[in-house]
Amino acid sequence: MPSYQPATIEPKWQHYWETNKTFRTSDELRTPKYYILDMFPYPSGAGLHVGHPEGYTATDILARYKRMRGFHVLHPMGWDAFGLPAEQHAIQTGEHPRINTANNINNFRRQIKSLGFSYDWDREVDTTDPNYFKWTQWIFLQLYDTWYDPELKRGRPISELPAGLNPADHRLAYIAEVPVNWCEALGTVLSNEEVIDGKSERGSHPVVRRPLKQWLMRITAYAERLIDDLEPLDWSDSIKQMQRNWIGKSVGATVRFDVSREMKSSEQCIEVFTTRPDTLFGATYMVLAPEHSLVESITTAEQKQAVKEYQAAASRKSDFDRTELAKTKTGVFTGAYAINPVNGKEIPIWIADYVLATYGTGAIMAVPGHDERDFEFAKLFGLPIVTVVTPSEAWLKQTKSSVNELSAAYTDDGLLMNSGMLDGLSVDEAKRKITAWLVVEGKGEAKVNYKLRDWLFSRQRYWGEPFPVLHGPDGSVNALSAADLPVTLPEVKDYKPTGSPEGPLALATDWRRVERDGVVYQRETNTMPQWAGSCWYYLRYIDPQNAQEFAESGKLNHWLPVDLYVGGAEHAVLHLLYSRFWHKVLFDRGYVNCVEPFQRLVNQGMILGENNEKMSKSRGNVINPDDVVRDYGADSLRLFEMFMGPLEAVKPWSTKGVEGVSRFLGRVWRVFIDDAAEEVTLHASVKEVSPNTEMLRELHRTIKKVGEDTEALKFNTAISAMMEFTNYLTKQESRPISVLKPFVLVLAPYAPHIAEELWEILGNTTTLAYEPWPSYDPALCVADEIEVPVQVNGKIKAKLTVPAEIDAAGLEAAAMSDEAVLVALAGKTPKKVIVVPKKLVNIVV
């Protein structure tokens with residue numbers, strides 16, 4: 001087979017790597033170390049499409065490169081395998097989700113191995129493996145046993161909770177009744193991200209809001225640290241900002257409004273959080289979330305029916321639908337009034353679905369003169385609008401407003417007006433003064449608020465991690481001991497939703513009932529969300545076979561933090577936020593040695609179909625990597641995905657592009673091999689001779705360029721450099737082995753199969769995976785001569801080959817004496833000669 005045959009070469013080397021465990025990471029904790037992590041996949045029945053390997057290829061190139069640079073590399077792979085899709089498959093087919101999950105994992109593993117990625121398969125993890133989720137349950141118990149000390153700003157054991165405080169009110173894992181997205185058809189609670197226009201993302205089933213007792217994680221206690229600790233991380237500004245926006249820190253004040261009916265004061269009080277306490281004099285009405293606990297008690301008899309109907313309608317909307325700015329505001333008057341604490345005026349209390357019970361206090365003071373949503377609502381329902389911040393003249397003119405009759409909400413700065421004690425103050429001065437007044441009067445206090453809500457941690461599903469707790473007959477929650485773990489799932493006959501918030505596990509009565517010391521307990525019948533297993537998998541990779549602890553401390557200290565984490569931007573908020581939260585708790589409790597898990601984060605861009613649309617079955621544009629490997633080889637797929645453009649960019653797939661890269665690898669092969677021979681034979685030009693200076697320069701520039709671009713994850717330009725060098729070698733009548741060997745090593749991280757084959761053909765008997773990365777001589781990377789274009793009136797008329805160190809005067813002289821330039825000047829005297837040293841000469845005639 002003298003011609004390039006990836007179908008023969010690639011399986012050979014994949015078998016060699018697997019048989020010899022070439023990429024097994026030793027337990028010898030040597031430095032320097034480099035931990036490269038991929039966001040592990042959910043193994044669906046559809047298998048991989050060509051978009052999936054993009055990030056894996058990038059990390060594999062870097063892992064191979066780092067090994068050659070002498071780094072102790074950890075590069076593992078595993079499976080995020082719990083979740084609703086496998087359970088839905090079980091419901092439809094009756095097949096246990098474990099079987100379907102195992103089949104999908106086997107297919108994913110086969111596809112990934114066919115691409116030659118250098119994973120340490122001895123460290124493979126699967127979140128559905130009891131040996132794995134035993135430790136997910138153990139980490140849950142640490143959260144249950146931890147409270148957050150706001151003074152020390154760290155988590156501490158519940159045993160250290162000050163006397164008099166109720167542990168149930170402070171545990172990081174706790175049970176509470178909260179409004180949730182309930183899908184009757186799926187029989188489970190859904191996250192806001194899983195609800196679209198009031199229906200489930202999967203199956204488009206109706207979703208309603210209803211209160212349920214659920215497990216929650218008190219992630220809000222860590223909100224400030226989750227913001228502050230972003231700063232030193234090597235993440236893109238956009239991803240950091242997405243995290244900050246999701247946490248949503250707001251600085252302001254809480255204000256208490258007494259409820260009044262028919263001018264008679266009541267003991268009821270509505271507390272609001274506002275970032276603009278300076279605008280209190282402009283609060284002309286209040287709005288409560290439809291689920292607010294006071295709605296029922298304050299609503300008048302005349303308004304009961306209207307309020308009840310509105311609450312029912314709001315329950316069918318997701319939080320996103322309710323807060324979408326583009327939607328027309330709706331609301332209902334409760335019939336009740338509140339007293340504005342700064343001026344004693346009665347203001348009406350409404351309910352509206354754009355206010356959420358889960359954000360702030362579930363109530364707002366509405367200042368329509370200076371808030372766009374409040375202005376729209378006030379206009380719609382004929383409510384008063386008062387100006388309390390003086391608009392600028394330019395704004396008044398632009399909006400055709402007058403100071404006391406606004407045509408839009410004024411949201412910029414200005415001096416206070418119509419505000420009594422605050423008149424004439426700036427916004428910042430007014431905020432400070434009114435907050436101090438509220439404190440003195442007992443009407444409020446300074447407050448920092450977060451949009452972030454505690455993490456809803458219960459799912460009414462079968463296929464998830466069971467909670468390691470027992471519920472006592474007295475309502476107590478009893479944590480299991482580490483010796484009781486793992487709590488495994490029972491075998492059930494039916495995976496269908498029961499229609500009950502208890503979920504399918506409620507039907508496993510024998511499993512659910514646990515008797516201890518004569519007391520009958522009940523197991524939790526909810527399971528953990530899919531997020532649970534993916535929160536900490538990067539830790540288990542470090543010590544995956546450890547049966548005594550989730551990972552040995554010495555190994556954790558060696559490998560953490562992760563040096564590079566690569567994955568899709570779709571996980572840029574929740575997965576990262578949840579992982580960071582769990583990691584910080586483990587740090588506070590002394591189990592890990594660093595405060596952040598992922599030092600550097602890169603999000604690869606999406607690969608679109610050839611029609612420039614997102615790949616999906618429904619669009620019919622999915623490209624299966626199996627087909628590409630069959631037709632062109634894994635090395636061609638790897639190279640093309642990196643050659644398409646910058647790693648972070650969105651790029652369309654092109655089969656012609658793969659063909660082009662395949663032809664390039666064919667040229668590389670022919671640089672070494674005589675494809676006219678009957679057997680694999682080195683080309684006659686491949687010789688044991690010394691290279692000339694020009695060839696050494698080309699080689700050393702290529703080594704330098706590819707190395708630097710690989711470090712910077714600029715894989716497309718590194719490949720371009722190798723293509724240029726291949727074209728150069730192709731033209732050479734003599735190809736020294738001393739040049740070809742380092743070129744093979746430079747190519748190896750990118751196209752490892754062909755590189756290994758060529759390495760062997762050149763006479764080597766061991767893998768090149770740990771060969772040292774070739775060094776380069778900086779002196780050889782500096783050009784002796786450079787090419788400089790010469791323009792006459794903006795048009796290029798000549799290209800000068802001049803010494804690299806030529807100065808501006810010498811460059812001008814060379815240009816003015818060039819024959820082509822003299823012809824272009826036709827005897828005319830230049831008005832000006834512009835010289836850009838080493839770059840350009842422009843002659844203006």
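Let's start with Glu515, whose bridge partner in strand S23 is Val520. Two strands count as paired here if DSSP finds at least two bridges between them. The strands themselves are DSSP runs of type E with at least two residues, helices are H or I runs with at least four, and both are numbered from the N terminus. S22 and S23 make a hairpin with two residues between them, and Asp517 in that turn has a positive phi of about 50°.

A quick word on what we are looking at: this is a predicted model, in which local features need pLDDT of at least 70 and side-chain atom pairs count only at pLDDT 80 or more, while totals for chains, interfaces and linings use all residues. Residues are numbered from 1 along each chain as its sequence is written, and side-chain values use heavy atoms, leaving out hydrogens and water.

Two other residues have a positive phi without being glycine. Lys21, at about 45°, is in the loop between helix H1 (6-19) and strand S1 (33-38). Asn793, at about 50°, is in the loop between S30 and S31. Buried or exposed, or something in between? Here buried means under 20% relative accessible area, exposed means over 50%, and partly exposed is in between, using a 1.4 Å probe and protein chains only. Lys21 is partly exposed because its relative accessibility is 44%, and Asn793 is partly exposed at 46%.

As for S32, it pairs with S33 (residues 840-844) in the antiparallel sense over five bridges. Within that pair, Ile834 stands opposite Asn842 in S33.

Now, where is His72? His72 is in strand S2 (residues 72-74). His72 counts as buried because its relative accessible area is 2%. The His72 side chain reaches the backbone oxygen of Ser26 at 3.0 Å. Contact means heavy atoms within 4.5 Å. Beyond its neighbours within four places in sequence, His72 is in contact with several residues, including Thr25, Tyr34, His558 and Trp559.

Next, helix H9 (residues 304-314), whose buried residues are Val307, Tyr310 and Ala314. They are on the same side of H9 because they cover an arc of only 65° around the axis, taken from the directions from the helix axis to the C-beta atoms.

Last, two cis peptide bonds. One goes from Leu485 to Pro486, with omega near 0°, and Pro486 is in the loop between strand S21 (477-479) and helix H14 (509-512). The other goes from Leu560 to Pro561, with omega near -5°; Pro561 is in the loop between helix H17 (553-559) and strand S24 (564-568).

Conventions
A polar contact is a pair of N or O atoms within 3.5 Å; within protein, one must be able to donate a hydrogen and the other to accept it, and residues adjacent in sequence count only if both atoms are side-chain atoms.
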